[in-house]
Amino acid sequence: MEQTIRRYRSDWDLAQCGQFENGIYRSRWYLGLRPGMEWLRLSLAVSGPVYVRVYAADDPPTGSVYEMEPALERAASDLLLYGVKGLSLCLTVEPGEALISYELTFPGLSVDSFLPSVMQEDDTLRKLLGIYQSLYMDVNRELSRFPERLSPQSPDPLSELHRWLGASSWMGLGLPERKLLAAAVELNRLRGTKKGLQLLVRLVTGQPCEIAEQFQWEEGIRSAREREDCKRLYGGGQTSVTLLFPTGTSPERLSMLKSVLDDFIPLGVPYTVVRLEDAAAMDGHSYLDGGAEILDPPPGELDGPENGEWILE
């Protein structure tokens with residue numbers, strides 16, 4: 001029922017849209033479409049109670065705006081501006097530090113234009129209908145944004161989207177929810193695979209990890225002692241998958257990861273998470289570096305007999 005609505009938005013930078021003076025925010029003068037134009041609505045995002053004054057004039061004053069009589073003043077964050085007329089409009093908000101952003105709407109076609117002409121001059125009826133007009137304008141705006149909010153990459157996705165994408169169990173655990181939601185489709189497709197684990201680890205911890213499966217470290221074991229050492233390194237005899245994280249990995253991030261790891265480990269497969277240290281000795285095994293290799297020692301050399309015995313160097 002309304003024509004295309006025009007808006008001034010301050011979201012990007014309050015300081016570019018006005019200035020702070022003695023604790024009060026004063027906007028610049030906004031230009032309308034024609035002299036005597038009636039403005040529509042002022043919506044503010046605030047962090048607390050505010051008192052708003054709105055000034056309107058066909059010719060903005062050259063002096064201070066505070067010398068003018070406000071066209072509207074109210075302790076509210078959402079104001080209908082019916083009756084506020086003028087080519088230009090300015091507003092003040094007190095206290096200024098409570099203001100986050102604002103949106104000034106000006107005019108389309110008022111709902112009373114569709115009434116019989118005898119009813120169009122009734123200001124009381126216009127103000128009453130203006131309330132309902134503002135409500136359906138909000139609904140229309142939400143409907144126009146609906147397709148965008150269906151995307152996991154949207155900055156403001158639908159609140160139900162995580163449930164539709166099968167990511168409900170990942171929300172509310174301190175995890176980077178926006179990153180996980182944006183990758184939810186890929187994570188679900190790769191769930192239970194090594195590639196899926198690597199993607200999850202990067203999203204939650206911000207860094208990669210080494211993933212070792214039991215068959216990998218069992219290959220090449222030549223003695224019972226080596227087997228015991230490997231079991232201690234990779235988490236015990238019941239561990240089939242081990243995630244090795246480098247030094248400096250945040251314990252908080254690892255705790256977050258463990259809260260959702262069961263969803264991404266193959267069903268029924270035991271696992272363990274190990275954070276490596278630079279050179280932390282443990283039961284005869286030294287954690288050197290994630291990519292370090294320990295070579296076999298060189299063969300001994302005979303250095304001559306001493307008291308009839310051979311000494312190995």
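Of the 313 residues in the chain, 35% are buried, where buried denotes a relative accessible area under 20%, exposed over 50% and partly exposed the range in between, for a 1.4 Å probe and protein chains only. The model is predicted, so that local features require a pLDDT of at least 70 and side-chain atom pairs a pLDDT of 80 or more, whereas totals for chains, interfaces and linings use all residues. Residues are numbered from 1 along each chain as its sequence is written, and side-chain values rest on heavy atoms, with hydrogens and water left out.

The chain contains nine helices and 17 strands, assigned as DSSP runs (helices, H or I, at least four residues; strands, E, at least two) and numbered from the N terminus. Of the contacts with a separation of 6 or more, 66% are made by residues 24 or more positions apart, a contact being heavy atoms within 4.5 Å. The chain exposes about 18,700 Å², of which carbon and sulfur atoms supply 52%; accessible areas were computed by the Shrake-Rupley method with a 1.4 Å probe.

Buried positions in H6 are Gly196, Leu197, Leu199, Leu200, Val201, Leu203, Val204 and Thr205. Their cover includes helices H4 (177-182), H5 (184-189) and H9 (251-261), together with strands S11 (210-213) and S12 (241-245). Just after H6, Gly206 adopts a positive phi of about 80°.

Seven aromatic pairs were found in a search of the whole structure. Rings of Phe, Tyr and Trp (its six-membered ring) were paired if their centres lie within 6.5 Å, with planes under 30 degrees apart classed as stacked, over 60 as edge-to-face and the rest as tilted. Trp39 and Phe106 form a tilted pair, with 5.2 Å between centres and 45° between planes. Trp39 lies in the loop between strands S4 (30-31) and S5 (41-46) and Phe106 in strand S10 (residues 99-106), so the pair ties together parts that are 67 residues apart in sequence. Trp39 is buried, at 1% relative accessible area, as is Phe106, at 5%. Both belong to a cluster linked by ring pairs, which also contains Tyr8, Phe20, Tyr25, Tyr30 and Tyr102.

Charges over rings were also identified, defined by NZ of Lys or CZ of Arg within 6 Å of the ring centre and within 35 degrees of the ring normal. Arg28 lies over the face of Tyr8, 5.6 Å from the ring centre, and the charged end of Arg191 sits over the ring of Phe264, 5.4 Å from its centre.
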